[in-house]
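Open the model in your viewer and keep the selection tool at hand. The stops below follow one another, each with something to select and something to look for.

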Amino acid sequence: MRESRAGIRATRFKVSGTDQPNWIDSPKMAKQNRQTVSYLTRRFKEVGLNPNARHGQNFLIDLNLIELLAKSAQLTPDDVVLEIGTGTGSLTSLLAAQAARVITVEIDGHLYQMACEELEPFENITMLRQDALKNKNRFDSRVLEAIDEGVKAVDGGVLKLVANLPYNVATPIISNLLRCEIVPATMTVTIQKELADRILAAPNSKDYGALSVWIQSLCDVELIRVMSPGVFWPRPKVESAILHLEHRPDKRASIPDTEFFHQFVRSMFFHRRKFLRSVAISAFKNELTKPEVDQVLAEMELGPDARTEQLAVSQMQQLCELFRAAVKAKS
Ligand code: SAM
C-alpha cells in the first residue's frame, strides 16, 4: 500500500508471474471470485459484517449478468476503467483481466480490505478507499487525479466507467462525470430501473426531466437489460437495469457552453408544474427583464401556456442558446 502525492490511499498489486491473469481462464481467480450468495454470506460471516444499505450494498450475484455488464462495456487492452463501488472486488477482477488499468473506489473500509485480499494477484488495479464524490455536484479531486494519472500512464488510454453503482449516488456519479475534464467514452452501469427510465425518457412523459435532457444531449443511451431484484444480494425492493451510455463528442461540440446548458436545464425543470414563461422569468431574474424573456420565447414560438416538459432535447438546446445570447448581449 502506498500514499500517493495527492494523499490517495492506493494499492497497486503486483502479479507474481509474467502474464496478466485472465479471470475466466485462471482457476484460482474463477474460484475466488464467483460472487454467489453462498460466497458472499460466507465472506461476510468470516469478517462479522452485514451489507450496509446506507451505502447501496446490493451485490450482483448472477454470474452471467456480471459478465454481461463487463461484456457490454466492450473493453479493449487500451482502456482505463473507472469502477465506483469495488464491493468485494468481483467485477473489478473481471475488468482488470480485460483492460490496461482499473481505478476502483470503495467508501467502506471493511469491503476495501476484503477486496484487497481478492485482488492481490492483479498489478493493474488502483484502489481508492474513499467517497467518490466530494458532494452531490462534484467528484472528489483525488479520484479525478487518479483518473488523470491512469489515462496518462496508458498509451492511447481511453477512460470507461463500468460499475454496479451504489443506487443512492448513481445520478450524481453519471451526471457529474459528464462535466469532468476527462469524460468517459462509455458508461456501462447497473442502476435502478426507475433511474434508467428517467435517463431514457421522451418529452411529455412523467419521467422526462433535467437528467433526460442533460444526458441525451451528450450521449447515445441504450438499455441493455432489465433485472429483477432476485439477481442481487441482499434483494433490493425495486427492479434494476444495465444501461450503456456512449459519450458523443460531436453532440457536445454542438453545445457552445455546457456548464451554462447544465444550469439552464436544471433550472428549467426545477418547477415542473409551472409554465415555462414563469420558470424562465424566475431563472433569469437577475439578468433579463420580463419583456426580454418574452422576446426569447417568441423567437421559439413558445406561447404563454408552454411547459418545459413539452420541449424536445434539440428545442431545449436552441432555447438555451437564445437565452445565453440574450444574457451575453447585456453584459
Ligand atoms: N461492485 C460490487 C458488485 O458488483 O457487486 C458492489 C456494488 S454495490 C451495488 C455498491 C458499492 O459501492 C458498495 O460496495 C458500496 O460500499 C460502494 N459505495 C457506496 N457509496 C459509495 C461512494 N460514494 N463512493 C465509493 N463507493 C461507494
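Start by selecting Asp-220 and Arg-248, which form a salt bridge whose closest N and O atoms are 2.9 Å apart. The two residues come from distant parts of the chain, 28 residues apart: Asp-220 is in strand S11 (residues 219–227), and Arg-248 is in the loop between strand S13 (240–247) and helix H10 (249–253). Asp-220 counts as partly exposed, at 31% relative accessibility, and Arg-248 is partly exposed too, with a relative accessible area of 24%. Bear in mind during the tour that this is a predicted model.

The structure holds 17 salt bridges. For the next one, select Lys-160 and Asp-79, whose side chains meet at 2.8 Å, N to O. This pair also links distant parts of the chain, with Lys-160 in strand S9 (residues 158–164) and Asp-79 in strand S4 (residues 79–84), 81 residues apart. Are these two residues buried or exposed? Lys-160 counts as buried because its relative accessibility is 9%, under the 20% cut-off. Asp-79 is buried as well, with a relative accessible area of 2%.

Now select helix H8 (residues 193–200), where Arg-198 and Glu-194 lie four residues apart, about one turn of the helix. Their side chains meet in a salt bridge of 3.0 Å, N to O. Arg-198 is partly exposed, its relative accessible area being 28%, and Glu-194 counts as partly exposed at 42%.

From H8, move on to the loop between H8 and helix H9 (210–218), and pick out Asn-204. Asn-204 is not a glycine, yet its phi is positive, about 65°. With a relative accessible area of 57%, Asn-204 is exposed.

Select helix H2 (residues 37–47) together with helix H5 (residues 109–118). How do their axes cross? The axes come within 12 Å, at a crossing angle of roughly 115°, and the crossing of H2 and H5 is right-handed. To see the contact, show side chains for Tyr-39, Arg-43, Phe-44 and Val-47 in H2, which meet Leu-111, Met-114, Glu-117 and Glu-118 in H5.

Then select Tyr-112 and Arg-129. The charged end of Arg-129 sits over the ring of Tyr-112, 5.3 Å from the ring centre.

**A buried isoleucine**

Next, go to helix H6 (residues 141–153) and select Ile-147. Ile-147 is buried, with a relative accessible area of 2%. Which residues does Ile-147 touch, leaving aside those up to four places away in sequence? The contacts are Leu-82, Ile-103, Leu-159 and Ile-182. For a distance across the model, draw a line from the C-alpha atom of Ile-147 to that of Glu-117: the two residues are 30 residues apart along the chain, and these atoms are separated by 23 Å.

**Aromatic rings**

The count of aromatic pairs comes to 10. One of them is formed by Phe-264 and Phe-323, a tilted pair with 5.9 Å from centre to centre and 45° between the planes. Phe-264 lies in helix H11 (residues 258–268) and Phe-323 in helix H14 (residues 313–330), so the pair ties together parts of the chain that are 59 residues apart in sequence. Phe-264 counts as buried at 2% relative accessibility, and Phe-323 is buried with a relative accessible area of 0%.

**Backbone details**

Select Glu-301 in the loop between helix H13 (290–299) and H14. Its phi is near 55°, a positive value in a residue other than glycine. Glu-301 counts as exposed, at 73% relative accessibility.

Finish at Pro-234, in the loop between strand S12 (232–233) and S13. Is the peptide bond from Trp-233 to Pro-234 cis or trans? This bond is cis, with omega near -10°.

Key: Residues numbered from 1 in each chain as written. Predicted model: local features only at pLDDT ≥ 70, side-chain atom pairs only at ≥ 80, totals over all residues. Heavy atoms only, no water. Salt bridge = Lys/Arg side-chain N within 4 Å of Asp/Glu carboxyl O. Buried < 20%, exposed > 50% of the residue type's maximum accessible area, 1.4 Å probe, protein only. Contact = heavy atoms within 4.5 Å. Phe/Tyr/Trp six-rings, centres within 6.5 Å; stacked < 30°, edge-to-face > 60°. Lys NZ or Arg CZ within 6 Å of the ring centre and 35° of its normal. Axes fitted to C-alpha atoms, helices over the stretch in contact; angles between N-to-C directions. Left-handed = near helix turned anticlockwise from the far one by under 90°.
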